[in-house]
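Dear colleague,

Please find the structure below, handed over for your study.

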Amino acid sequence: MFASLAGRGVIVTGASKGIGRGIALRFGTAGCQVLVVSRALGEAASVAAEIVAAGGRARAFAADVTRQGDMDAMAAAALQSFGRLDVLCANAGIFPAARLGAMTEADFDAVLATNLKGNFLAVSACLAALKAQGAGRIVLTSSITGPITGYPGWSHYGASKAGQLGFMRTAAIELAPFGITVNAVLPGNIVTEGLAGMGEDYRRAMAAAVPMGRLGSVDDIAHAVLYFASDEAAYVTGQSLVVDGGQILPEALDAPGA
Ligand code: NAP
């Protein structure tokens, strides 16, 4: 599966842990050359080392998605390291909780800057290289929270995640003439280091709300991302794929166990 990806040059932002790390490792397994990006170089370097230890090719790069200069340097590093850039996974995101009334303007701006403006800056920086490839792929990590559901404490986060889909649809139209597709994966509740910190009770309650009876794995998300990046998805653009074990489907809270 995903044999068409071998040799491709791939950037994954927010790849030092969680979902991004899972995506980067899977691209490595698929024979891609992976630029592992996060603000902390040390953690990104550990993930790049994991890919190399598994027989893949990878380099770590420190960059902040809220800074255009960092994004330009990131694209240049991929080209310099791999000689090509085929796939941009705009995955970096933050999710600090704050309810309305307590949420500050700075809270709101920080979430939008990373989760939404960060997509625009990364895409802008990578555009020339993706156009040169003639078959570029952009895959955004959105969420079910915002585009489909709401969650107390995350109004700014939900706005940013829904905003990503609005950005995606127009970007998909504008970039189609260049052979570049733009798609989004919408994860449900995925087991990451961050979720582990929210406690066993939270994890159990979330799993109980999922018809599949379990939380998602980072591989569940990575496989969807690799599909969008593959040659087999060449005619799919402007689409969002929910990967949530059926979490958004029930009409009633007790439906999963009914
Ligand atoms: P995570 O474990 O907290 O990892 C976030 C990653 O993004 C880290 O590598 C972090 O590294 C990086 N990052 C944060 N701010 C950055 C910035 N300004 N510039 C560059 N890198 C930055 O998060 P996650 O749970 O894997 O989430 C990843 C994506 O999936 C996010 O877009 C999130 O909204 C989405 N998502 C997650 C879930 C879930 O259940 N986990 C569900 C739905 C959607 P540094 O701090 O070193 O920069």
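Within what distance do the axes of α1 and helix α2 come, and at roughly what angle do they cross? The axes of these two helices come within 9 Å, with a crossing angle of roughly 25°, and α2 comprises residues 41-53. That angle makes α1 roughly parallel to α2, and their crossing is right-handed.

Before going further, please note that this is a predicted model, in which local features need pLDDT of at least 70 and side-chain atom pairs count only at pLDDT 80 or more, while totals for chains, interfaces and linings use all residues. Residues are numbered from 1 along each chain as its sequence is written, and side-chain values use heavy atoms, with hydrogens and water left out.

Some terms need explanation. Helices are DSSP runs (H or I, at least four residues), numbered from the N terminus. Axes are lines fitted to C-alpha atoms, for helices over the stretch in contact, and angles run from 0 to 180 degrees between N-to-C directions. Angles under 35 degrees count as roughly parallel, over 145 as roughly antiparallel, 65 to 115 as roughly perpendicular and the rest as oblique. A crossing is right-handed if the near helix is turned clockwise from the far one by less than a right angle, and left-handed if anticlockwise.

Two further helix pairs were examined. The axes of α1 and helix α8 (residues 218-229) cross at roughly 55° and come within 8 Å; α1 and α8 are therefore oblique to each other, and this crossing is right-handed. Helix α4 (residues 105-133) and α5 have axes that come within 9 Å and cross at roughly 20°, so the two are roughly parallel to each other. The crossing of α4 past α5 is right-handed.

The ligand is surrounded by 28 residues, and the closest are S16, I19, R39, N91 and Y157; a residue is near if one of its heavy atoms lies within 4 Å. Both α1 (18-29) and α5 (155-175) supply at least two residues each to this shell. By class, the shell has 11 nonpolar, 13 polar and 4 charged residues.

Individual atoms of the ligand were also examined. A nitrogen atom of the ligand is 2.9 Å from an N or O atom in the side chain of D64. For K161, a side-chain N or O atom is 2.9 Å from an oxygen atom of the ligand. The protein buries 91% of the 890 Å² that the ligand exposes when taken alone (accessible areas by the Shrake-Rupley method with a 1.4 Å probe).

Definitions and conventions: Polar contact = N/O pair within 3.5 Å; in protein donor to acceptor, adjacent residues only side chain to side chain. Nonpolar A, V, L, I, M, F, W, Y, C, P; charged D, E, K, R; others polar.
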